[in-house]
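Work through these exercises with the model open. Each task is followed by its solution.

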Amino acid sequence: MLHNLFIGELADRLGKREISSVELTRHFLGRIERLNPALNAFITLTADQALSSAAAADARLGSGERGPLLGIPLIHKDIFCTDGVKTTCGSRMLDNFIAPYDATVVARLKGAGTVMLGKSNMDEFAMGSSNETSYYGPVKNPWDTAKVPGGSSGGSAAATAARLTPLATGTDTGGSIRQPAALTGVTGLKPTYGRVSRYGMIAFASSLDQAGVFARSAGDAAAALQVMAGFDPRDSTSVDVPVPDYSQTLGRPLKGMKIGLLREFFEGLEPRNAALLEDALNIYTGLGCETREVSLPHLPLSVPTYYVVAPAECSSNLSRFDGVRYGYRCENPKDLMDLYKRSRGEGFGAEVKRRIMTGTYVLSAGYFDAYYLKAQKARRLITDDFRAAFEQVDLVIGPTTPTPAFDIGAKMNDPVLMYLNDIYTIGANLAGLPGVSVPCGFVDRLPMGLQLIGPHFAEAKLLNAAHQYQQATDWHTHAPPGYES
Amino acid sequence: MSLTRQDVEKIAHLARLSITAQEMPVYVSSLSSIVDFVDELSRTDTEGVLPMAHPLDGQHQRLRADVVSESDTREKYQLNAPAVTAGLYVVPRVIE
């Protein structure tokens with residue numbers, strides 16, 4: 001079945017003209033129509049545009065052009081501006097917003113010949129770990145529709161897992177690619193901060209946000225990263241570092257690679273989660289890796305540090321939504337202050353308002369030193385711990401999430417409980433490090449992920465380690481029941 | 001340290017957010033628990049540690065050449081505006 005093939009296999013068939021991009025696109029659009037209503041993974045479908053992009057890709061293929069993503073369908077998280085297409089960021093605030101330009105990520109993937117099927121559902125303004133804060137309703141996990149898919153990129157994760165798309169973009173500020181990838185049994189990659197352009201990606205926390213990708217294999221993720229990565233002069237935090245050929249090094253033997261077991265990740269780990277990690281470690285030692293324990297003593301500070309830094313940055317970034325130039329405007333504002341307060345009060349959901357207010361508080365006079373400055377110092381301690389660890393090991397390994405997917409509604413009343421879902425993912429964002437989550441087994445018949453974190457710009461090594469694991473196991477090939485055909 | 005209702009009203013005003021009377025207790029409670037949670041940082045020794053604003057060292061703000069390189073796209077960008085007159089964004093009267 002076409003939707004179970006990997007991107008390399010699809011590209012091969014497209015190249016041999018065994019199928020056309022239009023046929024492939026129709027296949028996925030048909031699955032979306034049939035299967036998405038139960039998942040709510042999409043905010044906007046772009047069927048007509050998809051078919052014309054597919055026809056254009058077929059013309060390029062017909063003229064002899066070939067490329068790893070030419071004619072391949074994908075979906076974009078609704079945080080990326082897509083020219084002429086509604087871009088909502090999962091919020092009422094942007095329910096009426098038609099993006100007037102393409103994000104760099106969108107433009108690059110478009111240039112490579114991808115076909116956009118639609119914009120995926122997400123936690124509002126990327127704030128959340130369950131895709132329950134979206135103005136457009138929660139996304140359901142295809143493995144069990146009473147459970148969350150994770151967040152904030154829940155729609156991209158669920159759609160990839162359900163085989164409604166072979167590829168999906170996402171963003172990861174505190175774990176929003178890796179965590180939903182783990183909970184839905186797919187591969188999710190967050191690159192190094194600065195590796196992928198943030199131009200056209202609606203900003204949440206500017207020193208943490210990074211665009212990345214969901215796919216069903218490390219090889220597929222590598223093909224996408226190849227196109228997405230690279231210096232962009234329009235993003236002042238884009239780093240001008242050459243992009244290696246990620247696909248070329250996927251198959252490199254792992255013999256001699258040193259993998260660090262993060263003591264702070266393994267402490268207090270739930271036994272069934274720990275057992276899956278044990279199995280994964282055995283696979284890696286079987287592949288020739290050396291494993292050793294490393295300690296990041298300041299890592300437990302990650303979650304409180306993040307929940308000072310990220311809200312502070314978001315309070316600044318979301319101040320642009322004021323009802324004046326775009327987005328939601330309240331009815332009958334009596335003066336400018338009323339316009340601002342009610343447009344924002346009515347346009348934003350509760351979690352967004354909570355984070356804006358947390359950020360405003362920690363940045364306010366009298367509290368700035370105690371909270372924000374303090375958090376920035378803790379951030380340095382955490383980053384230095386990682387740096388020290390990478391002097392001894394090539395990559396660090398651990399679980400992606402503390403538990404499998406939880407019930408929709410289970411954690412909505414306790415924001416702090418929700419925040420603790422990110423306990424294993426946040427450190428990498430604070431230190432700007434690349435991380436990947438790959439499926440590693442099941443707990444209670446729900447997928448679990450293992451996470452690899454590398455030093456800055458070590459995406460090739462991460463993808464190599466993920467790929468070799470996927471050659472030795474088949475967790476990444478399991479489809480949720482009902483979605484294989 | 002818990003936040004009071006007055007604290008939250010002041011924060012909401014600074015953040016230009018309207019919070020209804022019904023919503024207020026929920027925000028007071030959840031913001032208090034968040035602030036309590038992040039207070040753990042205050043117990044950390046950060047003597048002599050430099051604050052870190054950016055995850056990568058050695059980055060600096062790039063500047064570009066001071067030449068005109070963009071074209072006028074006001075009409076296109078104003079398509080999303082709630083109220084526009086003669087190319088200007090319209091808001092309630094500001095100056096009395």
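**Exercise 1.** How many residues does the contact take from chain A and from chain B?

Solution. The contact takes 55 residues from chain A and 41 from chain B. Residues are in contact if their C-beta atoms, placed from the backbone, lie within 7 Å. On the chain A side, α13(A) gives the largest share, 12 residues. By class, this side of chain A has 28 nonpolar, 14 polar and 13 charged residues. Nonpolar means Ala, Val, Leu, Ile, Met, Phe, Trp, Tyr, Cys and Pro; charged means Asp, Glu, Lys and Arg; the others, Gly among them, are polar.

The model is predicted: local features need pLDDT of at least 70, side-chain atom pairs count only at pLDDT 80 or more, and totals for chains, interfaces and linings use all residues. Residues are numbered from 1 along each chain as its sequence is written, while chains are lettered from A and ligands numbered from 1 in the order in which they are written.

**Exercise 2.** Which residues of α2(A) make the contact with α3(A)?

Solution. Ser21(A), Val22(A), Thr25(A) and Leu29(A) of α2(A) make it. The contact residues divide into 9 nonpolar, 2 polar and 1 charged.

Notes
Contact = placed C-beta atoms within 7 Å. Helix = DSSP H or I, 4+ residues; strand = E, 2+ residues; numbered from the N terminus.
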